[in-house]
Amino acid sequence: MSTEHRHDLPVADGGTRSATEPPASSCLAHLFVAFLSRDGRLPGPHADLTVVRSRSPDPDPRFTMTIDRIMSRDVVTVAPDAALIDIRKRLQEGGFNHMLVVEDGALCGVISDRDVLKAISPFLDTYSEKHRDVKTLSRPASEIMQGDPITVAPGTPVEEASQTLLDNRVSSLPVVEGGDLIGIVTGKDMLEYYVSEGA
C-alpha cells in the first residue's frame, strides 16, 4: 500500500507550501529530466508525474542533509529596472545561471539564463537584425523574471526541496530565513548531491 508523505515548506510571504517527500533515487531520476529540459521546466509528457512511496520511518534528523549544506551563499541580485543587456552581461561574465530580483530588500523574482535567452531576439547580431531586435536589450528585469518565487528555509531537507522544485517545474529555489535572503539552491546543486550520495 502506498501513501504520500507531505510536509509544509515556508515561503517568502510567511505562509507555507506543501511538498511530497520522495526517495533519493526517485528524486535523482526526476531531477535528470528537469535539469536536461532546455527551459528548466518539466516537458509536457511529464506534467502529471507524481512521486508516491510507502511510508518508512522518519530519518534521524541528525543525519538528514539540509539545504543550507548544499546551497550557494553567493547570491547575485539585480533591481527590477535592470536592463536585459546588463543582466545578460553579468550572467556571461559571472559564469552562473540564476539571478535574484530584489527591491527594497525584498525578493520579488528570479531570472535564469534560459529566461534571458527566451527574451532576446533571435535576430540580434545577424544580417536580419532590426531596431526592434536591439530594443529588446533594454527590457527591464521585471518583464523577464519569474515573479512570486517559491522559497525554502535553510533547514529544509534536500528531499523535500527537490520535490518542491519538481512539483513547481522551476530550476532554482531562493533560500530565505526570517524574511532575509541568504542563498539559492538549484537543480544542479541537488543533482550533484544525489550523484555524490550514490558514488
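Which residues have the most contacts inside the largest nonpolar core? They are Ile-67, Ile-70, Val-152, Leu-173, Val-185 and Met-190, in a core of 16 residues. The model is a predicted one. Its protein chain has 7 helices and 8 strands, and 42% of its 199 residues count as buried.

**Whole chain**

- The protein chain exposes about 11200 Å², of which carbon and sulfur atoms supply 50%.
- Among contacts in the protein chain with a separation of 6 or more, 64% are between residues 24 or more positions apart.

**Nonpolar cores**

- The largest nonpolar core, with its 16 residues, draws at least two residues from each of helix H6 (158-168), strand E7 (172-177) and helix H7 (187-198).
- H6 gives the most to this core, namely 4 residues.
- Leu-173 is in contact with Ile-150, Val-152, Ala-161, Thr-164, Leu-165, Ile-184, Val-185 and Met-190, when neighbours within four places in sequence are left aside.
- Another core, of 15 residues, lies apart from the largest one and includes Leu-84, Leu-91, Ile-120 and Ile-144.
- In soluble globular proteins, nonpolar side chains tend to be buried together.

- H6 is largely enclosed by the rest of the structure, because 9 of its 11 residues are buried.
- The buried residues of H6 are Val-158, Glu-159, Glu-160, Ala-161, Ser-162, Gln-163, Thr-164, Leu-165 and Leu-166.
- Pro-157 lies in the loop between E6 and H6.
- Beyond its neighbours within four places in sequence, Pro-157 is in contact with Thr-64, Met-65, Thr-66 and Ile-67.
- Pro-157 and Ile-67 are 90 residues apart along the chain, while their C-alpha atoms are separated by 6.1 Å. Ile-67 is also one of the residues with the most contacts inside the largest nonpolar core.

**The sheet E3-E4-E5-E6**

- Four strands form an open sheet in the order E3-E4-E5-E6, with mixed pairing.
- Strand E3 (77-78) and E6 are the edge strands, each pairing on one side only.
- Helix H2 (residues 84-94) packs on this sheet and touches E3, E4 and E5, with its direction at about 135° to that of E4.
- Strand E4 (residues 98-103) and E5 run antiparallel and are joined by 6 bridges. Val-101 has Gly-109 in E5 as its bridge partner.
- The hairpin of E4 and E5 has 2 residues between the strands, and Asp-104 in this hairpin takes a positive phi near 55°.
- E5 and strand E6 (residues 146-147) also run antiparallel, joined by 2 bridges. Val-110 has Gln-146 in E6 as its bridge partner.
- Strand E5 (residues 106-112) is mostly covered, with 5 of its 7 residues buried.
- Strands of a sheet pair through backbone hydrogen bonds, either parallel or antiparallel.

**Helix H2**

- Leu-84, Ile-87 and Leu-91 are the buried residues of H2. They lie on the same side of H2, because they cover an arc of only 60° around the axis.
- An α-helix has 3.6 residues a turn, so residues three or four places apart point the same way.
- The buried residues of H2 pack against E4, E5, helix H3 (113-119) and helix H5 (141-144).
- Exposed residues Gln-92 and Glu-93 are carried on the face of H2 turned away from its buried side.
- Gly-95 follows H2 and has a positive phi, near 75°.

**Ala-119 in helix H3**

- Ala-119 is placed in helix H3. Ala-119 counts as buried because its relative accessibility is 12%, and the limit for buried is under 20%.
- Leaving aside neighbours within four places in sequence, Ala-119 is in contact with Leu-84, Thr-136, Arg-139 and Ile-144. Of these, Leu-84 and Ile-144 are among the residues of the 15-residue core.
- Ala-119 and Glu-143 are 24 residues apart along the chain, and their C-alpha atoms are separated by 9.1 Å.

How values were computed. Residues are numbered from 1 along each chain as its sequence is written. This is a predicted model: local features need pLDDT of at least 70, side-chain atom pairs count only at pLDDT 80 or more; totals for chains, interfaces and linings use all residues. Side-chain values use heavy atoms; hydrogens and water are left out. Buried means under 20% relative accessible area, exposed over 50%, partly exposed in between (1.4 Å probe, protein chains only). Two strands pair if DSSP finds at least two bridges between them. A nonpolar core is a set of buried Ala, Val, Leu, Ile, Met, Phe, Trp, Tyr and Cys residues joined through side-chain atoms within 4.5 Å. Contact means heavy atoms within 4.5 Å. Accessible areas come from the Shrake-Rupley method with a 1.4 Å probe; for residues, only the protein chains shown count as cover. Axes are lines fitted to C-alpha atoms, for helices over the stretch in contact, and angles run from 0 to 180 degrees between N-to-C directions. The arc is that of the directions from the helix axis to the C-beta atoms.
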